[in-house]
Amino acid sequence: MASSNDQRRELDDLFADLAHPNPRIQQEAYTAMVDDWPEESVPRLLSLLDQPDVSLRRAAVRGLGAFGVSTLHPLADLFAQSTDATVRASCVKAYAQIASNYPEQDFSSEAMSLLEVALDDASPVVSQSAVMALGQVGKQALPLLIRICKGGNIAHIQSAAMALAEIPDPAAEQCLRDILADPETDPLSRETVDASLSRMIG
């Protein structure tokens, strides 16, 4: 059996590979973390979300997303504690990765509440990331996506409309039709909604 020092060196090697510029090597590294070092890896991945190195930060986000819903709670804790918009946005982006990687796993009510809070974040990067994450969550996020489409943030409306086009639900289609029928809808949103509706109904 390997000593604890041997184990630590192995994990350090994986984190060194996470910083490698080759995305495939990064993926192999965080896949090994999921398989062999889940308890040890998650806190270290979370600590990388304030990295100025964008490539490493994105690799950490993808790595956290590979762990699935087990990382929703620690990400929520970090989001709530952080005053750094980059960290908060990275937490939300990790949520999007989890939703994309594990579409069959429902988000907890706590996780959905975090995304709802993130929609109103003072940082536009955080709030826009939340819309994108809700789009990845899909049908479970339908009420929030509909609410966004009826709001006043044009960028959010456009992203939410594109997400609704991917959800096969009558309420999603009706929401898009309502926006098109509203004479107050701005031209940019109308164009996106029209395209989304066309894609939905084929």
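With 5 residues, helix α4 supplies the largest share of the lining of the largest pocket. This is a predicted model, in which local features need pLDDT of at least 70 and side-chain atom pairs count only at pLDDT 80 or more, while totals for chains, interfaces and linings use all residues. Residues are numbered from 1 along each chain as its sequence is written, and side-chain values use heavy atoms, with hydrogens and water left out.

Some bookkeeping on pockets comes next. The search runs on a 1 Å grid over the protein atoms alone: a pocket is an open set of points with protein on both sides within 12 Å along at least five of seven lines, a cavity is a set where a 1.4 Å probe fits but cannot get out, and lining residues have an atom within 4 Å of a point. Grid points are joined across faces, edges and corners, and a volume is the space filled by probe spheres set on the points. On that basis, the largest pocket comes to about 250 Å³. Its lining is made up of Val-54, Arg-57, Arg-58, Val-61, Arg-62, Ser-90, Lys-93, Ala-96, Gln-97, Ser-129 and Met-132. Helices α4 (54-66), α6 (85-101) and α8 (124-137) are the elements that each give two or more residues to this lining. Sorted by class, the lining has 4 nonpolar, 3 polar and 4 charged residues. The classes are simple: Ala, Val, Leu, Ile, Met, Phe, Trp, Tyr, Cys and Pro go in as nonpolar, Asp, Glu, Lys and Arg as charged, and the others, Gly among them, as polar.

The second largest pocket holds about 200 Å³ of space. It is lined by 13 residues, of which Cys-149, Gly-151, Ile-157, Asp-182 and Thr-185 are the closest to its centre. Two or more lining residues come from each of α10 (154-164) and α11 (170-181).

Now for the fold as a whole. The protein chain has 12 helices and 0 strands, where helices (H or I, at least four residues) and strands (E, at least two) are DSSP runs numbered from the N terminus. The C-alpha atoms fill a box of roughly 70 × 35 × 30 Å along the principal axes. Of the 202 residues, 45% count as buried, buried being under 20% relative accessible area, exposed over 50% and partly exposed in between (1.4 Å probe, protein chains only). Taking contacts (heavy atoms within 4.5 Å) between residues at least 6 apart in sequence, 60% join residues at least 24 apart.

Helix α12 (residues 187-201) includes Ser-189, which is buried at 1% relative accessible area. Beyond its neighbours within four places in sequence, Ser-189 is in contact with Ile-154, Ile-157 and Gln-158. Thr-192 also sits in α12 and is buried, at 15%; leaving out residues up to four places away, Thr-192 touches Gln-158, Ala-161 and Met-162. Val-193, another α12 residue, is buried at 0%. Its contacts, with residues up to four places away in sequence not counted, are Ala-161, Leu-176, Ile-179 and Leu-180. The C-alpha atoms of Val-193 and Leu-176 lie 6.1 Å apart, although 17 residues separate them along the chain.

Elsewhere, Leu-45 belongs to helix α3 (residues 38-47) and is buried, with a relative accessible area of 0%. Not counting residues up to four places away in sequence, Leu-45 touches Phe-15, Leu-18, Met-33, Ala-60, Gly-63, Leu-64 and Phe-67. From Leu-45 to Ser-113, 68 residues apart along the chain, the C-alpha separation is 23 Å. The ring of Phe-15 also has Arg-44 over its face, at 4.1 Å from the ring centre. The rule for that: NZ of Lys or CZ of Arg is within 6 Å of the ring centre and within 35 degrees of the ring normal.

Ring-ring pairing is judged for Phe, Tyr and Trp (its six-membered ring) with centres within 6.5 Å; planes under 30 degrees apart are stacked, over 60 edge-to-face, and the rest tilted. The count by this rule is 1 aromatic pair. The pair is Tyr-95 and Phe-107, edge-to-face, with 5.6 Å centre to centre and 85 degrees between the planes. It links distant parts of the chain, 12 residues apart: Tyr-95 is in helix α6 and Phe-107 in the loop between α6 and α7 (109-119). Tyr-95 counts as buried at 0% relative accessibility, and Phe-107 counts as buried at 6%.
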